[in-house]
Amino acid sequence: MIQTLFKWLIYLALFALIAGATAYGVLVFIVEQPPSVVVPDLVEKDVVTVLEHLSTLGLIPDMGDLEYHDAIPKYHVTYQYPFPGAEVKSGRHVRINISAGVRRLQLPDFSGMPVARARALLAQIEMTPGPVSKTAHDQIPAGSVIAQIPLAGRAVDRGDSVGLLVSTGPVLQRFRMPDIQGMTVDAAGLRLERAGFQVGRLTADEDRSRPHNTVLKQDPPPGYPVEKGAAVALVVNRVAGGVAAGGLEQVRGGTLFTHRVAPGFLKKHVRLVLILYGQQMDMVDRFAAPGSQLVFLVPHAWARARIQVFENDDLTAEQAFSSEAE
């Protein structure tokens, strides 16, 4: 009898323990359940406001697709799930899709824009840069857009390709090179200047059958098509690398040395160096106009003096003197 009673007491204790644990679990479940919230209507609202609202409600946004929409502005919500009015627990995820704006738009006018700015604008409106062609244009500066395909104002879809025609600047004027062979250097330079060209590199060659200081050859040759402003190289009939002697005139007290600067169109850096008793002295060091004359008096007392004239660092004249009049 006592054993039976003891057994029932054990059963009763186990039942009480299980019942208490179950009651505690149910109570904890009820108490710890997150509060319910009603999902608001998010469609057509801007994404920043939506994110702030969901955070306030304890809901977690899931960013869905970015999709074009003809009616809902860019960066506004186009779709949500759960739908508005649904009752969910706090902490629930809410999926939202965002508008990328309208798919079709009117293409802006890029004409006259620098091509870099046109490309930046294409990227901004989500268009694809197409082929770029180039041609000369007298009014539109180099590197700017002349025309576009599709034309400005046409309705296009975002992502479509847009081709650009870009200016390379005005059309280069081409002329036929005049024949200046046989002319003197001065006459040839004047002819080239009037024709819109400029004198380039001058070199010397000697042809005793032709007049001194005349043009033997030219590059580009006569009749050759060239652009306006091109430089023309000339070969002039004179002693190649030769050194001329200066002009001398006896005057009271010494010898007058004269030197005429070579003809041309640009000023030359002229140095007149006096060599006396093993010492060198720059007596003249300046820029002189082509064809101008230098004059220097060498006293008779300067025994064994020597003068050298340099034009643009090339020795062009040299004269030796003695203690007696030359």
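**Entry 1: the loop at P150**

I looked up P150 and found it in the loop between β8 (145–149) and β9 (155–157). The peptide bond that joins I149 and P150 is cis, with omega at about -5 degrees. I note here that the model is predicted.

I then went to P220, which sits in the loop between β13 (215–219) and β14 (225–227). The bond from D219 to P220 is also a cis peptide bond. Its omega is near 10 degrees. I wrote both down because most peptide bonds are trans.

**Entry 2: the chain as a whole**

I took down the totals for the chain. The chain has 326 residues, and 29% of them count as buried. Its secondary structure comes to 4 helices and 22 strands. I looked at contacts between residues at least 6 apart in sequence; 69% of these join residues at least 24 apart. The accessible surface is about 20300 Å², and carbon and sulfur atoms account for 57% of that.

**Entry 3: the sheet with β8**

I went back to β8 to see what it pairs with. Strand β10 (residues 161–167) and β8 pair in the antiparallel sense, over 4 bridges.

I then wrote down the order of the strands. The sheet is open, has 3 strands and runs β7-β10-β8, with mixed pairing. Its edge strands are β7 (128–135) and β8, each pairing on one side only. From one strand to the next, the twist averages 25 degrees.

**Entry 4: helix α2**

Which residues of α2 are buried? In this helix, residues 47–57, I found V47, V50 and L54 buried. Down the axis of α2, the buried residues fall within an arc of 55 degrees, so they line one face of the helix. I recalled that an α-helix has 3.6 residues a turn, so residues three or four places apart point the same way.

I checked the face turned away from the buried side of α2 as well. It carries V48, E52, S55 and T56, which are exposed.

What do the buried residues of α2 pack against? I found three strands: β2 (60–67), β3 (77–81) and β5 (93–99).

I looked at the ends of α2 next. Just after α2 comes G58, with a positive phi of about 80 degrees.

**Entry 5: the sheet with β5**

I followed the strands that α2 packs against. β2, β5 and β3 form an open sheet of 3 strands in the order β2-β5-β3, and the pairing is mixed. β2 and β3 are the edge strands, since each pairs on one side only. Neighbouring strands of this sheet are turned against each other by 25 degrees on average, direction ignored.

I looked at one pair in detail. β3 and β5 pair in the antiparallel sense, and I found 4 bridges between them. Y81 has R95 in β5 as its bridge partner.

Most residues other than glycine have a negative phi. I noted two residues that depart from this.

E44 has a phi near 75 degrees, a positive value. I found E44 in the loop between β1 (36–38) and α2. Is E44 buried or exposed? E44 is exposed, at a relative accessible area of 55%.

Y75 has a positive phi too, near 65 degrees. Its place is the loop between β2 and β3. With 47% relative accessibility, Y75 counts as partly exposed; the cut-off for exposed is over 50%.

**Entry 6: K89**

Last, I looked up K89. It is found in strand β4 (residues 87–89). K89 is partly exposed, at 40% relative accessibility. I also checked K89 against L57, which lies 32 residues away along the chain. The C-alpha atoms of K89 and L57 are separated by 9.9 Å. L57 belongs to α2, which covers residues 47–57.

Methods
Residues numbered from 1 in each chain as written. Predicted model: local features only at pLDDT ≥ 70, side-chain atom pairs only at ≥ 80, totals over all residues. Heavy atoms only, no water. Buried < 20%, exposed > 50% of the residue type's maximum accessible area, 1.4 Å probe, protein only. Helix = DSSP H or I, 4+ residues; strand = E, 2+ residues; numbered from the N terminus. Arc of directions from axis to C-beta. Contact = heavy atoms within 4.5 Å. Pairing = 2+ DSSP bridges. Axes fitted to C-alpha atoms, helices over the stretch in contact; angles between N-to-C directions. Areas by Shrake-Rupley, 256 points an atom, 1.4 Å probe, with all protein chains shown as cover.
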